[in-house]
Amino acid sequence: MENSQHKHNDRHSLNRLAVKAGIFYIFAQLLVRGITFLTTPIYTRLLSQEQYADIRLYESWLLIAVPTLSLCLWKSVDRAKYDTGDRYNEYVGSSQTLSYLSIGGVFLLCMIFREQVKAWLELDDLMFYMAFLYIFAYTSILYLQRREKQLMRYKVSTFVTAVTVIPATFLSVLLIWIGKRTGHADALVDLRVIGFYVPHVIGGAVIAVLLWTQGKKPVNLKFWKYGLLYSLPLIPEAISIQIMNQADKIMVRHLVSKSAASIIALGTTVSFIIWILEDSVWNAWLPWLFEKISRGEEADVEKPWTFIMHGFGMISWFLVLLAPEVVTILGPAKYRSAIYLSAPMIVGTLFRFFSYIYSAVENYYKKTGYVAATTVVTMIINVILNYICIRQFGYMAAAYTTAASYFILLLLQCWAEYHITGTLLVPLKKTALISLGYFLLCCVSMLLYECHILLRYSVLLIGVLMAVKFILPQFLKIIKTMKKK
């Protein structure tokens, strides 16, 4: 009886901590990262379409380089919490050392072939050197964020994000504005690189020293072996995900034009709205999920996750209905056609988010090879579909091929979880029906763009009322249940 009461109180404590910390994290991340999103209308008006495309291409290369060069070791921080105990900080610090050795090695290699690398990636000297400084710095930021998230402590992580992202955002806009006013229009891309990445480099350097100080032992071969066994299979997974995220822009740039690539980039920014919220919720959810699996309480997962799927499905639909207004805010008239990319891009992000529930189980059981294999297969399918469909149907086809690829990824991740555990946290039939239902709803809703605006707003109002009536009470009920359990 006493043991049962102890377990009851322990679960109660976990759920209260998860709810409190998760809600704080979500709102803080929305505030901080929303600031960077709001600069898009400024960039699209101060920069030419070609310059905007160059900036987004540079970001694409960095998104691929960070997980690759750091060996994805920061991803092992999530699982290491359960295997390293009170040596958790030592694990984080020593893993950071190994990541830095890897990045440094690649930098020396690239220095030997510097001109070839610059030509292939379309970089100048400033962009080349800043890229490596940023990769070092952002790797440390990722280590800190992962550790704090897994400990359900979000104040430090959010503070670090704020003191790097907010100054970087305002400084980059200021430098671009000054450059344009003083007749340096040709240097605007470099000015943006300086303004945005220097604050991250400074912040990352401080964090690197902090993590080594807290870890006390910067080299631990046993922890290096643990991290490599866990993370090396995730390198192809990370590369594949980023290729899928960036391939549409890169391939459209080379198969069609820079202008078309800038429209794809703006459409991606629209989907970034929902991704910010999805990523924030997932990062708040994952520690709670891992704790539930570790305690054998998987049955508690399906009901709240089903609500989350419907909640994000509705939010995605609302965003599709508002896409004409969002695109008008984000860019001038030359970006107008991006509204017809909204449904596939937004729902593609939704498919990827839904797949996390399956890949998380694979990561928990340290079967990261399955995560890598399914993602690489999906990436290959995505690149092939992009090449064929962009050439056959034009640049807009890239949005639909990416959405289709993410749905394939969802199916493959589901298969992998079942293969590993013999069961599923959330039945595939439920996930597939919800996914395809919202995809169809969002695609059909794009027909309203040609109708009177009042009709579209009326549909939006009906949808909001439905969400308030059916989804909001469920949300409050789940929060209340988690607090009482």
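The structure is a predicted model, in which local features require pLDDT of at least 70 and side-chain atom pairs count only at pLDDT 80 or more, whereas totals for chains, interfaces and linings use all residues. Residues are numbered from 1 along each chain as its sequence is written, and side-chain values use heavy atoms, with hydrogens and water left out.

A search of the whole structure identifies 30 aromatic pairs. Rings of Phe, Tyr and Trp (for Trp, the six-membered ring) are taken to pair if their centres lie within 6.5 Å; planes under 30 degrees apart count as stacked, over 60 as edge-to-face and the rest as tilted. The rings of Phe128 and Phe132 have their planes at 65 degrees and their centres 5.5 Å apart, so this pair is edge-to-face. Both residues belong to helix H7 (residues 125-150), where they are four residues apart, about one turn of the helix; helices are DSSP runs (H or I, at least four residues), numbered from the N terminus. An α-helix has 3.6 residues a turn, so residues three or four places apart point the same way. Phe128 is buried at a relative accessible area of 1%, and Phe132 is likewise buried at 7%. Here buried denotes under 20% relative accessible area, exposed over 50%, and partly exposed the range in between (1.4 Å probe, protein chains only).

Trp305 and Phe353 form a tilted aromatic pair, with 5.3 Å from centre to centre and 45 degrees between the planes. Trp305 lies in helix H13 (residues 302-321) and Phe353 in helix H15 (residues 342-364), so the pair ties together parts that are 48 residues apart in sequence. Trp305 is buried, its relative accessible area being 0%, and Phe353 is buried at 1%. Ring pairs join Trp305 and Phe353 with Trp282, Trp285, Trp288, Phe312, Phe354 and Tyr356 in a cluster.

Charged groups also sit over aromatic rings, a relation that requires NZ of Lys or CZ of Arg within 6 Å of the ring centre and within 35 degrees of the ring normal. The charged end of Arg79 is placed over the ring of Tyr364, 4.5 Å from its centre. That of Arg192 sits over the ring of Phe196, 4.3 Å from its centre.

Helix H10 (residues 221-231) has Phe223, Trp224, Tyr226, Gly227, Tyr230 and Ser231 as buried residues. These residues cover an arc of only 160 degrees around the axis, which puts them on the same side of H10; the arc is that of the directions from the helix axis to the C-beta atoms. Leu221, Lys222, Lys225 and Leu229 are exposed on the other side of H10. The buried residues of H10 pack against H4, helix H5 (88-112), helix H11 (234-255), H15 and helix H16 (368-393), with contact defined as heavy atoms within 4.5 Å.

Pro344 lies in helix H15 and is buried, with a relative accessible area of 1%. Apart from its neighbours within four places in sequence, Pro344 is in contact with Ala399, Tyr400, Ala403, Phe439 and Met446. Pro344 and Thr402, 58 residues apart in sequence, are 7.9 Å apart in space, C-alpha to C-alpha.

The structure holds 20 salt bridges, each a side-chain nitrogen of Lys or Arg within 4 Å of a carboxyl oxygen of Asp or Glu. Lys258 is partly exposed at 31%, as is Asp54 at 21%. A network of salt bridges links Asp54, Glu122, Arg253 and Lys258.

The side chains of Arg456 and Glu325 form a further salt bridge (2.8 Å, N to O). Here too distant parts of the chain are linked, with Arg456 in helix H19 (residues 453-484) and Glu325 in helix H14 (residues 323-330), 131 residues apart. Arg456 is buried at 5% relative accessibility, whereas Glu325 is partly exposed at 21%.

Glu122, a member of the salt-bridge network, has a positive phi of about 60 degrees although it is not a glycine. Glu122 lies in the loop between helix H6 (114-121) and H7 and is partly exposed, at 37%. Leu71, also not a glycine, has a positive phi of about 65 degrees. Leu71 is located in the loop between helix H3 (49-69) and helix H4 (77-84) and counts as buried at 16% relative accessibility.

Notes. Helix = DSSP H or I, 4+ residues; strand = E, 2+ residues; numbered from the N terminus.
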